[in-house]
Amino acid sequence: MRVLIPRGGTWGDEVAELVTDAGLEPLILPLVQIEPAEDQQRLQQILGQLAEGRFDWLVVTSQSTVRVLPRVPSSVQVAAVGSVTAASLRERGVPVAFIPARQSAAGLVDEWPIREGRVLWPHALDARPTIASGLRQHGMQVTEVVAYRTVPVFESGEQLVEAVTTQTDAIPIIGAPVHPARVDAQQQQAAQGPEAAERDTGEQAAREQQDRDHVSEQGAHDAVLTAVEPAETPIDAVLVTSGSVAKQVARLGLAAETRIIAIGEQTAEDCRKHGLQVAGIAQRPNAQALVAALVAATA
């Protein structure tokens, strides 16, 4: 079973390894990319106010937001929508005061601990208004600013479909091991001349096939598909990590039996809005729970 992983980087590599450990075949093909906010002047103005301590709370709902934050003063309490975002904040040296038990925008609003104060919420251009409207109903003074934009990697649906259904110049092996015996044989061929090299061609081909077989057993760390392969190996499942990814997956026109696995309830709702039938929802918004939902849906 081939599983489309729509994000790359270290997160994509981690998920690919988990997918491989589950006995499935990962295919990393990023469908969206992060671009800077268009209004940088306003963003820097608001972030400057944050650095001056002019907010009581900072609400962070994605790792992409973490990357644009300035130094956060100790007077500002920080709320993270989930454990993954909280971990990114802590890596930047930002303490996290509040994480909702139900790790979603709706969960953050429902469990919000106070009823007054100034809140800054930097978010994506296409973010839903759940947090801003919910916190305002709790009596908070909410300032919003666009911190980044999520844009499709493929400009047209045709380009996206072509990327998934045609063979590309993929590099399917990362960090393929080189066997000492193979190195020794190559050195011997160089010393013995062209006749010996020709005589060993068949043996070398056999060794190369053994190397490929060995790599295929190494898991996602050593063998991860990073682009698409021919159409006769279809996509059987997709891991959907956001509403913007759901929109791009819908453009693929996948078969009805393709299993759609959402990283949370909000993302599942976005999938359904775009006509995708959800087969599983992660219990928590992290890689392990996402793959666990995939395994459960394929059992």
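Predicted model: local features only at pLDDT ≥ 70, side-chain atom pairs only at ≥ 80, totals over all residues.
View 1. Helix H13, residues 287-298, lies across E1, E8, E10 and strand E9 (259-262), and runs at about 150 degrees to E9. Helix H1, which comprises residues 9-21, lies across E1, E2 and E8, with a direction at about 165 degrees to E2.

**View 2. The five-stranded open sheet.** The strands follow the order E2-E1-E8-E9-E10 and pair in parallel. Strand E2 (25-28) and strand E10 (278-281) stand at the edges, each with a single partner strand, so one side of each is left without a neighbour in the sheet. From one strand to the next the twist averages 25 degrees. Within this arrangement, strand E1 (residues 2-5) is joined to strand E8 (residues 237-240) in the parallel sense over two bridges, and Val 3 stands opposite Ala 237 in E8.

View 3. The structure holds two aromatic pairs; one of them, formed by Phe 98 and Trp 112, is edge-to-face, with 5.9 Å centre to centre and 90 degrees between the planes. Because Phe 98 lies in the loop between helix H4 (83-91) and helix H5 (105-110), and Trp 112 in the loop between H5 and strand E6 (118-124), the pair ties together parts that are 14 residues apart in sequence. Both Phe 98 and Trp 112 are buried, and together with Trp 57 they form one aromatic cluster.

**View 4. Arginine side chains over aromatic rings.** Arg 7 lies over the face of Trp 11, at 4.3 Å from the ring centre, while the charged end of Arg 118 sits over the ring of Phe 55, 4.8 Å from its centre.

Key:
Residues numbered from 1 in each chain as written. Heavy atoms only, no water. Phe/Tyr/Trp six-rings, centres within 6.5 Å; stacked < 30°, edge-to-face > 60°. Helix = DSSP H or I, 4+ residues; strand = E, 2+ residues; numbered from the N terminus. Buried < 20%, exposed > 50% of the residue type's maximum accessible area, 1.4 Å probe, protein only. Lys NZ or Arg CZ within 6 Å of the ring centre and 35° of its normal. Pairing = 2+ DSSP bridges. Axes fitted to C-alpha atoms, helices over the stretch in contact; angles between N-to-C directions. Contact = heavy atoms within 4.5 Å.
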